[in-house]
Amino acid sequence: MALSHNTLAFTFGMLGNVISFMVFLAPIATFYRIYKKKSTEGFQSLPYLVALFSSMLWLYYAMVKKDAFLLITINSFGCVIEIIYIILYMIYAPRDARNLTLKLFTAMNVGSFALILLVTHFAVHGPLRVQVLGWICVSIAVSVFAAPLSIVAQVVRTKSVEFMPFNLSFTLTLSATMWFGYGLFLKDICIALPNILGFGLGLIQMVLYAIYRNGNEKGKKPAAALKSVVIEIPTSNVIGEEVGEEKEKTEEPPVNACAA
């Protein structure tokens, strides 16, 4: 018996929720280290602020669309966990980093989101509201997906995959695949489209990993390490973040693009 589109959409959406759930939990090791050392050690808050902004937008989109419950579940969790990360960051960050985080949060997560909310709620009505909001989400997802290009360029330049972990690239590619399937069978181009880019970028990263995984890194420890961060669900992306040289390397969080 052939499976219906609704059944397939639910299946891909559930798998996307499971994978994105793990992606959202990835920074726990980083924050446990911050808690133990009572210091943010040069880590930046921007990836977590962007992840929160992305989750907020996709959550709003799913609520307006009304037939994307699986986007609501994962992005609700994403909003909660990212807020917890940001609070912990601000507790242990130095004053300048704390002030910068507060300014970015106010401008992006409060100001920009409030502007989008007001414009789409009062200036746009009916089905057009869903379309406008959906394409706003797509534009944010694409911009987040473009961030890992700096990491890709670094890998080609240095012939080293030190700062592009295979597990992270594979997980994000898998996440993009699930959310693409969800958007495809839900017949929602705004969910499916950015994940095509995410899938393609993930494949490029894994191919580069296969080519350069044996690159000789001896004696080549850069003064500033670029950490991979991903964000977005139903799409997944990676944001580059500069971190000072450390003996013990910690991977940065992933950001899911669609919300997921």
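A crossing of two helices is called left-handed if the near helix is turned anticlockwise from the far one by less than a right angle, and right-handed if clockwise.

The model before you is predicted: local features need pLDDT of at least 70, side-chain atom pairs count only at pLDDT 80 or more, and totals for chains, interfaces and linings use all residues. Residues are numbered from 1 along each chain as its sequence is written, and side-chain values use heavy atoms, with hydrogens and water left out.

Let us begin with the whole chain. The protein chain holds nine helices and three strands; helices (H or I, at least four residues) and strands (E, at least two) are DSSP runs, numbered from the N terminus. Their order from the N terminus is α-α-α-α-α-α-α-α-α-β-β-β. Of the 260 residues, 50% count as buried, where buried means under 20% relative accessible area, exposed over 50%, and partly exposed in between, with a 1.4 Å probe and protein chains only.

An unreviewed UniProt entry places the feature "transmembrane region" at several stretches, among them residues 69-92 and 191-212. Such annotations may be inferred rather than shown by experiment; the positions follow the numbering used here, and feature names are shortened. Residues 69-92 are 100% helix, with end C-alpha atoms 36 Å apart. Residues 191-212 are likewise 100% helix, with the end C-alpha atoms 32 Å apart.

Now to the packing. Two packed helices are described by the angle between their axes and the distance between the axes. Axes are lines fitted to C-alpha atoms, for helices over the stretch in contact, and angles run from 0 to 180 degrees between N-to-C directions.

How do α3 and α6 cross, left-handed or right-handed? The crossing is left-handed. The axes of α3 (residues 46-65) and α6 (residues 127-146) come within 10 Å and cross at roughly 155°. The two helices are therefore roughly antiparallel; angles over 145 degrees count as such, under 35 as roughly parallel, 65 to 115 as roughly perpendicular, and the rest as oblique.

Helix α6 also packs with α9 (residues 189-212), at about 10° and with axes 9 Å apart. These two are therefore roughly parallel. Residues in this contact (heavy atoms within 4.5 Å) include Trp135 of α6 and Pro194 of α9.

Finally, consider Gly181 in helix α8 (residues 166-185). Gly181 counts as buried because its relative accessibility is 3%. Its C-alpha atom lies 8.0 Å from that of Leu8, 173 residues apart along the chain.
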